[in-house]
Protein chains: 4
Amino acid sequence: MSEKAKPAKEAISIPGDAVSMPTTIKNPERIASRRNELIEIATTMFLDRGYHNTSVRHIVRACSFNLASLYMYVSSKEDILYLVAQDLMNTIAKELLETELDAESPERAIQTAFAQYCRISNKFRRQIRLLYREVGFFPEESRNDVLSTVSDVLEFFEKIVVQGVATGVFKDLPPKFVALDMVLAAHAIAIHTRDVLSHTSLDDYVAFQTDKFLTLLLVDESQDA
Amino acid sequence: MSEKAKPAKEAISIPGDAVSMPTTIKNPERIASRRNELIEIATTMFLDRGYHNTSVRHIVRACSFNLASLYMYVSSKEDILYLVAQDLMNTIAKELLETELDAESPERAIQTAFAQYCRISNKFRRQIRLLYREVGFFPEESRNDVLSTVSDVLEFFEKIVVQGVATGVFKDLPPKFVALDMVLAAHAIAIHTRDVLSHTSLDDYVAFQTDKFLTLLLVDESQDA
Amino acid sequence: MSEKAKPAKEAISIPGDAVSMPTTIKNPERIASRRNELIEIATTMFLDRGYHNTSVRHIVRACSFNLASLYMYVSSKEDILYLVAQDLMNTIAKELLETELDAESPERAIQTAFAQYCRISNKFRRQIRLLYREVGFFPEESRNDVLSTVSDVLEFFEKIVVQGVATGVFKDLPPKFVALDMVLAAHAIAIHTRDVLSHTSLDDYVAFQTDKFLTLLLVDESQDA
Amino acid sequence: MSEKAKPAKEAISIPGDAVSMPTTIKNPERIASRRNELIEIATTMFLDRGYHNTSVRHIVRACSFNLASLYMYVSSKEDILYLVAQDLMNTIAKELLETELDAESPERAIQTAFAQYCRISNKFRRQIRLLYREVGFFPEESRNDVLSTVSDVLEFFEKIVVQGVATGVFKDLPPKFVALDMVLAAHAIAIHTRDVLSHTSLDDYVAFQTDKFLTLLLVDESQDA
DNA sequence: CATGAATGAGCATTCATTCAT
DNA sequence: GATGAATGAATGCTCATTCAT
């Protein structure tokens, strides 16, 4: 590499590029920056008013470019939703998947991971609500793409369970169901905020759920003693 | 009650009456029948095409009355959604609340109630999805009204847990959280159909969840002996 | 018929009714009057600027109703063109078909009919140009419908030729081709106005063409004697 | 001519040069080649989708240069249509004008010329339809320019007639009208394809028309015998 | 009480064209 | 000369809602 080479070139990730979203624009950095602006603005608006109550005009009014330009970076309103959803899922999943787990103890791994995902669910409450609401309107392909990130999250928990079972620390319960249970318990913070938080604190809820999962998973505790 | 009073008066329940939904129409039976027709027709359409892709014109085309008349019985498109949501929640809650439970055994009561609610969630998958999606857009008052029925469902489970704890059959776990867990586990059938049903049957899922809840709730049987 | 009956009821002809152009409007007279207004205004504009350069907004600005109302009487911009084309063709064909012909003499019938159609073609020059231009853009069904009126015109001439041939006054030439020739010669006044009128008068042109057709058609008179 | 002058200078004919079509570009060969590329590509598209349904973007996507460059060689979308129309007319006229005629016999000349133009009209059906449709929208100057080529075609026939009349082979009919008749009869193959071809073959039509014109033109055949 | 007809405001999208580089 | 990117203005059409009758 020469010193003058743009070393961060690889760092530019173009939103929507994964699933081939066609553009006449040549400069990838420009695409990235325009789409990112779009994502930021549209996310807020979709969160505030919902996808269907937000017009493209409304979005673009808050952008640094104009309506016709918008259509140089996305090819439909749905594309914007897709961009937003993908970004949301990525942010959420990334924050979870970066969590450092205790490789020695599945028990502690579960505790850490679940606590982390609860924290994330709490932080991204509205985003998760948006995803629950609007992903259903996606066409096949995009929906699958977005849901694949949900699968990543599920797998993250699944793997911990599988490892726990493999090392004899956890009972032999179906890992998929256990993982789903955990994800749901965390999502409930976003989706059923009232029911979760009206009577106690978030910490209490997380503590209860953690206890529950460990009780279920850990092999006979009485024998541990 | 005057002699001239219509004795069946109580039998007429006017949809939407709970939460003030103003009308200039005097005859309550007319209101009830019009609104019921509306609910029936709109429900199908919202389920098929979604709320936002269904136009008021489209709805009214299938009704026995006309567009202008519709606005004598509801005051906006949102009102129709509210009517539909309320009806859906009532149907679902009613079907659960009618379940006959074994008053003697909280264990069997839980089994019955949970199995029943899973059956309901499976039967009303699309309806539950519709509710999850659209209720968030309701204004305060209507949302609370619809969600109060969710509370009824939660309480139904809560009471069983409370009773089980009271009779010493169940461990002393927070009943609200346990109830929420159960409701979520059932809703997952509707909301996360793929994840729940792709690898096993509904029965397996229900069995797993039932086991889980009983394991959690029942006081250590081995020590009882 | 009672005296109070609306005797002219049958007289209301709804433009576009022949080919089923759906409407939510119930009152047929209203449909007729709205569509007629539309036809009158759109015809002028299509004539002035062409179909593609005339926007629905532009048309409706000159109407007594508004954009949304327009779409209660037609279902697309194309429908307007169809209405206009149909009306043009009907006007033209009607004016021709009403011509009283000398039933005794095919020779005089041809003279009268052709002269009349030349007069019409001259009067409706721009309309004929419009039809030539835009009919090609119609979808199958409407095009056939409009072209069927052209066939009526062709048949009008064809019948005269056939009768002339049958009575031995005309030579046995293919009537379809002869009729087409006549129609084309008349249309040329509209389509090739420059070439037709730049060097002589319309009368000269008509006289030339009439002579031509009679020369072609009439069986050798000199030999008859 | 200087020695350095490009000797083939005269060979480069710049499309659109006849009628002032301004350009900032200096190199005439470049203009010619760009415009020719444009003509080739746009012709296909106009033929396939019509002028109004073809966007400048669509055209340029198939070109070797880009949108902004296009506007260095033409100054509007209409210019492209003009270029195309001019080229179409030239191609058609050239193919006719190259026809070798029997200088001795006006009769055979007419036969050959008309047959040839019918062949051309059949070959270029869609092109002729395009011209009929769109030329009317041209502004004065360009229309005249395009129509002057039509005049060339008319004159081609006119001259034969004039010569026939001059040599006493043809009757003294107005040559302009006869020529127009012939051109129209040929164009009918393109414009009234259905009516011309639905009942017989092209050859029959041409034969009929040829007979017709000869019957009209040739001086008293009975006396020839 | 019912309804036929109307409408203002809005929608997503596309266009021909221009200009800074 | 070439081109990537931008943009103002318009397009056809639909919507929820209202009123005169």
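Helices here are DSSP runs of H or I of at least four residues and strands are runs of E of at least two, numbered from the N terminus. The exercises below use these terms on a predicted model.

**Exercise 1. Describe the make-up of chain A: how many helices and strands does chain A have, and what share of its residues is buried?**

Step 1. Taken along the principal axes, the box filled by the C-alpha atoms of chain A is roughly 70 × 50 × 30 Å.

Step 2. Of the 225 residues in chain A, 34% are buried, where buried requires 20 or more other C-beta atoms within 10 Å of the residue's own.

Step 3. If one takes the contacts in chain A between residues at least 6 apart in sequence, 68% of them join residues at least 24 apart.

**Exercise 2. Determine which elements of chain A touch chain B, and what rotation superposes chain A on chain B.**

Step 1. Begin with the contact itself, in which 22 residues of chain A meet 22 residues of chain B.

Step 2. On the side of chain A that touches chain B, the elements giving two or more residues are α6 (125-134), α8 (175-191) and α10 (202-217) of chain A, and the residues of that side divide into eleven nonpolar, six polar and five charged.

Step 3. Chain A is superposed on chain B by a rotation of 177 degrees with 0.0 Å of shift along its axis, at an RMSD of 0.6 Å. That is the relation of a two-fold axis, and the C-alpha in chain A that is nearest the axis belongs to Arg133(A), 2.2 Å from it.

Step 4. Because 100% of the interface residues of chain A are also interface residues in chain B, the copies meet through the same surface.

**Exercise 3. Work out which residues of helix α6 of chain B are buried, and what covers them.**

Step 1. In helix α6 (residues 125-134) of chain B, the buried residues are Gln127(B), Ile128(B), Leu130(B), Leu131(B), Arg133(B) and Glu134(B).

Step 2. Their cover includes α6 of chain A, and, from chain B, α1 (28-49), α4 (77-97), α5 (106-123) and α8 (175-191).

**Exercise 4. Carry out the analysis of Exercise 2 for chains D and C.**

Step 1. The contact takes 22 residues from each side, chain D and chain C; α6 (125-134), α8 (175-191) and α10 (202-217) of chain D each give two or more residues to the side that touches chain C, which by class has eleven nonpolar, six polar and five charged residues.

Step 2. A rotation of 177 degrees with 0.1 Å of shift along its axis superposes chain D on chain C, with RMSD 0.6 Å, and Arg133(D) is the residue of chain D that comes closest to the rotation axis, its C-alpha lying at 2.2 Å.

Step 3. The same surface serves both copies, since 100% of the contact residues of chain D recur in chain C.

How values were computed. Residues are numbered from 1 along each chain as its sequence is written. Chains are lettered from A and ligands numbered from 1 in the order in which they are written. This is a predicted model: local features need pLDDT of at least 70, side-chain atom pairs count only at pLDDT 80 or more; totals for chains, interfaces and linings use all residues. Two residues are in contact if their C-beta atoms, placed from the backbone, lie within 7 Å. Ala, Val, Leu, Ile, Met, Phe, Trp, Tyr, Cys and Pro count as nonpolar, Asp, Glu, Lys and Arg as charged, and the others, Gly among them, as polar. Copies are superposed by least squares on the C-alpha atoms of residues with pLDDT of at least 70 in both. A residue is buried if 20 or more other C-beta atoms lie within 10 Å of its own, exposed if 12 or fewer, and partly exposed in between; C-beta atoms are placed from the backbone.
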